[in-house]
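The chain is shown first.

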Amino acid sequence: SQFVGSASFVIECPEMEITEVVLSNEIDEAGQPAAVMESFHPDDIIYTSLRLNCRIKGETVGVKWYRSENELLGQKEFTIDKDYYLPGYIVFMISNDKLWPVDSYRIEIFRNGLTDSEYNYEVTEGEVSDATFNLRNIYQNEEKYRFSILYPDEWNYEDDESDEGLEIDFMPDSDNISVAVHMRVLKEGYAPSEEEYSDFADGILRNIVDSSGVAEVQKTESTGEVNDITYRQINYHYPGEDKDGWDVDFIFINKNNMLYLLIRVSDLYYQIFADNVYMNMLNSLSFD
């Protein structure tokens, strides 16, 4: 219990370091990368997770991402707002306005404006599984509009009615799947004549995609038959520069003194997937 002596010590602010960089296409509930990846698919979101030994207020970290070697696609930066002396991740979500073109890419990591490290990754073609109809999800309005139609498992719909008729939007649960199927039922007096279908589709197309000044849009018209009912089909196809274009399809059916219009919109990457959904829905369409 007697005093023997004393010593002094100083707690110094540590130097912040980036100890690990992980690329992944998924983040878990704790905000950490679910897996380490070097290859992604065109519809992936790319998470760049920087693991720091600590956080020091006022310091900045960020990422720049490049296509091939020198084509800068974008950058993000984060300024730390308070000190934190335990290790943890700062995550940057990197997405593209369109699908990622198949190519090689580079991520540049910087701290306080200076390059810290670089990492390479690639985007490759991926397989898209077909949508399923096992749940037998059905949309029906047999009393007023006199039809029913199936839509895929794990899809939702929104509908709206007006003086003109009925509109339904069928959409997948995942925001990553660039596909939608719209259906319109136009009452007599609001529907175009058969001679006006082409111009009518042109007008709708302008509201769906930006086709202005795009000379490469290919437009084709044909007829088909489903369940003993003849329909008119109008297709618009834009290949894009890096297979990043789109495909829009219209099907016109005259029945019950109304016009039933199916519209399928998809990126080219999802076109086969979208076509399968579209044709399954069309084949399930029945009228009272």
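Q: What kind of model is this?
A: The coordinates do not come from an experiment on this page. For this structure the model is predicted.

Q: How many aromatic pairs does the structure hold, and why does the pair of F250 and F252 count as stacked?
A: The structure holds 17 aromatic pairs. The ring centres of F250 and F252 are 6.4 Å apart, and planes under 30 degrees apart count as stacked. The F250 and F252 planes stand at 15°, so this pair is stacked.

Q: Are F250 and F252 buried or exposed?
A: The limit for a buried residue is under 20% relative accessible area. Both F250 and F252 are buried.

Q: Which geometry does the aromatic pair of Y260 and F287 have?
A: The centres of the Y260 and F287 rings are 4.7 Å apart. Planes over 60 degrees apart count as edge-to-face. With 70° between the planes, the Y260 and F287 pair is edge-to-face.

Q: How many residues apart in sequence are the parts that Y260 and F287 tie together?
A: Y260 lies in strand 17 (residues 258–267), whereas F287 lies in strand 18 (residues 286–287). The pair therefore ties together parts of the chain whose separation in sequence is 27 residues.

Q: What is the relative accessible area of Y260, and which residues form one aromatic cluster with Y260 and F287?
A: Y260 is buried, its relative accessible area being 1%. The aromatic cluster that holds Y260 and F287 also takes in Y139, F147, Y151, Y157 and F170.

Q: Which ring has K64 over its face, and which has R264?
A: K64 is placed 5.6 Å from the ring centre of F110 and lies over the face of F110. For R264 the distance to the ring centre is 5.5 Å, and the ring is that of Y278.

Q: What is the order of the five strands in the open sheet, and which are the edge strands?
A: The pairing in this open sheet is mixed, and the order is 2-8-7-4-5. Strand 2 (39–40) and strand 5 (71–79) each pair on one side only. The edge strands are strand 2 and strand 5.

Q: In which sense do strand 4 and strand 5 pair, and what is the bridge partner of R67?
A: Strand 4 (residues 60–67) pairs with strand 5 over eight bridges, in the antiparallel sense. The bridge partner of R67 in strand 5 is E71.

Q: How many residues lie between strand 11 and strand 12 in their hairpin?
A: Strand 11 (residues 155–161) and strand 12 (residues 165–172) pair over seven bridges in the antiparallel sense. Strand 11 and strand 12 form a hairpin, and the number of residues between them is three.

Q: What is the distance between the end C-alpha atoms of helix 1?
A: Helix 1 (residues 197–208) has 12 residues, which should span 16 Å at 1.5 Å a residue. The end C-alpha atoms agree with that, being apart by 16 Å.

Q: Within what arc do the buried residues of helix 1 fall?
A: The buried residues of helix 1 are Y197, S198, A201, I204 and L205. Seen down the axis, they line one face of the helix because they fall within an arc of 125°.

Q: Which strands do the buried residues of helix 1 pack against?
A: On the other side of helix 1, D199, R206 and N207 are exposed. The buried residues pack against strand 13 (179–186), strand 14 (218–226), strand 15 (229–238), strand 16 (246–255) and strand 17.

Q: What arc do the buried residues of helix 2 cover?
A: In helix 2 (residues 271–284), F273, A274, V277, Y278, M281, L282 and S284 are buried. These residues are on the same side of helix 2 because the arc they cover around the axis is only 165°.

Q: Where does I234 lie, and what is its relative accessible area?
A: I234 lies in strand 15. Its contacts beyond four places in sequence include Y197, S198 and A201, which are among the buried residues of helix 1. I234 is buried, with a relative accessible area of 0%.

Q: Is E29 buried or exposed?
A: E29 has its place in the loop between strand 1 (18–24) and strand 2. With a relative accessible area of 87%, E29 is exposed.

Note on methods
Residues are numbered from 1 along each chain as its sequence is written. This is a predicted model: local features need pLDDT of at least 70, side-chain atom pairs count only at pLDDT 80 or more; totals for chains, interfaces and linings use all residues. Side-chain values use heavy atoms; hydrogens and water are left out. Rings of Phe, Tyr and Trp (its six-membered ring) pair if their centres lie within 6.5 Å; planes under 30 degrees apart count as stacked, over 60 as edge-to-face and the rest as tilted. Buried means under 20% relative accessible area, exposed over 50%, partly exposed in between (1.4 Å probe, protein chains only). Helices (H or I, at least four residues) and strands (E, at least two) are DSSP runs, numbered from the N terminus. A charge sits over a ring if NZ of Lys or CZ of Arg is within 6 Å of the ring centre and within 35 degrees of the ring normal. Two strands pair if DSSP finds at least two bridges between them. The expected span of a helix is 1.5 Å times one less than its number of residues. The arc is that of the directions from the helix axis to the C-beta atoms. Contact means heavy atoms within 4.5 Å.
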